[in-house]
Amino acid sequence: MRLLVTGGAGFIGSTFVRRRLDATDDSVIVLDKLTYAGDLANLAEVAERPDAATRYRFVEGDIADAPLVAELVREVDAVVSFAAESHVDRSILEPTAFLVTGVMGVHALLEAVRVAQGGRRKSAVRLLQVSTDEVYGPVAAGLAPETHPVRPTSPYSAAKASGDLLVQAYRETYGLDTVITRGANTYGPAQHPEKLVPLFITNALQDLPLPMYGDGTQVRDWLYVDDHADAVSVVLDRGSPGTIYNVPGDGSEQSNRAVTEAILAALGKPWSLVREVPDRPGHDRRYALDGSRLRDLGWMPTVAFEDGIDRTVRWYVEHESRWRSTQGAGWADYYERQYAWRLERSVPS
Ligand code: NAD
Ligand code: DAU
């Protein structure tokens with residue numbers, strides 16, 4: 001297959017590109033805007049390997065740029081769309097970019113697929129939208145199946161849910177070959193340090209405070225990045241048209257306190273680094289996914305949380321210059337805006 005992978009310079013997208021090029025003969029065009037979260041270092045290994053480099057091309061650009069997207073979609077058999085603004089806290093500070101990419105960007109992709117489809121009656125251009133468990137909102141008890149109502153609570157999750165609704169509308173109206181994945185909290189090497197796991201690892205490495213929102217009893221289902229990328233591949237290859245697939249983690253349901261304990265234990269750092277800070281507004285208490293639909297396609301998570309956290313911690317210990325460069329020029333301003341006042345009001349945990 002010839003694939004267009006949007007957001008392929010980000011954390012999960014780049015893992016997908018590397019693993020897909022290893023496992024198949026596919027060729028891949030990566031379209032990425034290189035926001036603060038995109039990093040070509042994530043794709044350096046691909047660009048430098050002769051066997052993979054001939055099947056890989058990078059295009060810097062925006063999924064909301066309709067003419068560019070239309071041109072690229074004409075060249076491929078399928079679109080796998082990871083591109084999004086992905087951090088909930090930033091969506092609370094500045095929501096606009098989330099909506100532009102999540103709504104207008106997804107719309108530009110759908111239009112390009114619809115037009116490309118018109119000229120190709122025999123083989124459809126498949127569009128896989130990478131979405132999130134956050135569209136369901138907090139799940140008080142049990143596991144959310146794909147039929148769970150969509151009740152997003154942050155600008156980030158509302159933008160993602162809007163993208164999903166557009167995808168489903170284009171499926172119904174124009175008969176496009178679409179599939180959606182809704183993944184759990186993903187962690188692993190080379191994630192931007194803004195997210196909980198890498199933030200707490202990199203802060204602990206520097207003996208900086210770990211800002212835990214509220215009492216840290218919120219629960220997430222953690223999914224190792226390789227497993228997430230492989231689930232997207234399985235849905236791309238074998239998913240039924242028009243279908244949504246949840247991608248759960250290892251099912252161990254860790255509280256943020258437990259995640260923090262695991263990180264500190266792996267680094268040999270003390271709990272006294274942890275500070276309870278004022279909570280994230282609209283903080284969802286728990287996410288938990290029913291993954292039976294994807295299991296029926298033959299996918300299961302393979303990396304247990306304890307193993308994944310050890311691998312992740314090791315990566316950050318061994319790649320200090322890399323994660324420092326990923327933080328980029330805007331990091332100090334963001335950190336100040338998000339955490340300075342919270343840390344002033346913090347208490348020991
Ligand atoms: P990320 O922030 O690491 O990467 C996003 C990538 O998209 C970056 O390379 C960025 O430059 C690019 N991008 C952003 N806006 C763009 C635009 N308008 N046009 C082109 N490129 C653009 O995110 P991630 O953690 O790798 O997440 C990838 C996808 O998976 C997102 O759609 C996210 O909603 C979804 N997801 C993430 C998680 C998670 O825990 N990280 C879990 C479930 C689903
Ligand atoms: O569930 C899937 C989602 O997981 C993805 O769709 C998002 O792209 C991804 O960012 C992630 O969202 P979360 O909000 O769950 O992840 P984050 O790492 O920001 O936070 C995880 C938990 O840790 C959450 O309960 C908030 C808490 N937290 C986070 C940060 C950054 C803290 O207590 N302190 C922090 O400083």
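This is a predicted model: local features need pLDDT of at least 70, side-chain atom pairs count only at pLDDT 80 or more; totals for chains, interfaces and linings use all residues.
Residues count from 1 along each chain as its sequence is written, chains are lettered from A and ligands numbered from 1 in the order written. Local features need pLDDT of at least 70, side-chain atom pairs pLDDT 80 or more, while totals for chains, interfaces and linings use all residues, and side-chain values use heavy atoms, without hydrogens and water.

Searching the whole structure turns up eleven aromatic pairs (Phe, Tyr or six-membered Trp rings with centres within 6.5 Å; planes under 30 degrees apart are stacked, over 60 edge-to-face, the rest tilted).

Select Phe16 and Phe82 to start. Their pair is tilted, at 5.4 Å centre to centre and 50 degrees between the planes. Phe16 sits in helix α1 (residues 11-23) and Phe82 in the loop between β4 (78-81) and α5 (88-93), so the contact ties together parts 66 residues apart in sequence. (Helices are DSSP runs of H or I, at least four residues; strands are E, at least two; both are numbered from the N terminus.) Phe16 is buried at 1% relative accessible area, and Phe82 is buried at 11% (buried is under 20%, exposed over 50%, partly exposed in between; 1.4 Å probe, protein chains only).

Now jump to Trp331 and Tyr335. Here the centres are 5.8 Å apart and the planes at 45 degrees, so this pair is tilted too. Both are buried, and they lie four residues apart in helix α14 (residues 331-344), about one helical turn.

Last stop, charges over rings (NZ of Lys or CZ of Arg within 6 Å of the ring centre and within 35 degrees of the ring normal). Arg114 lies over the face of Tyr174, 4.6 Å from the ring centre; Arg311 lies over that of Tyr224, at 5.0 Å.
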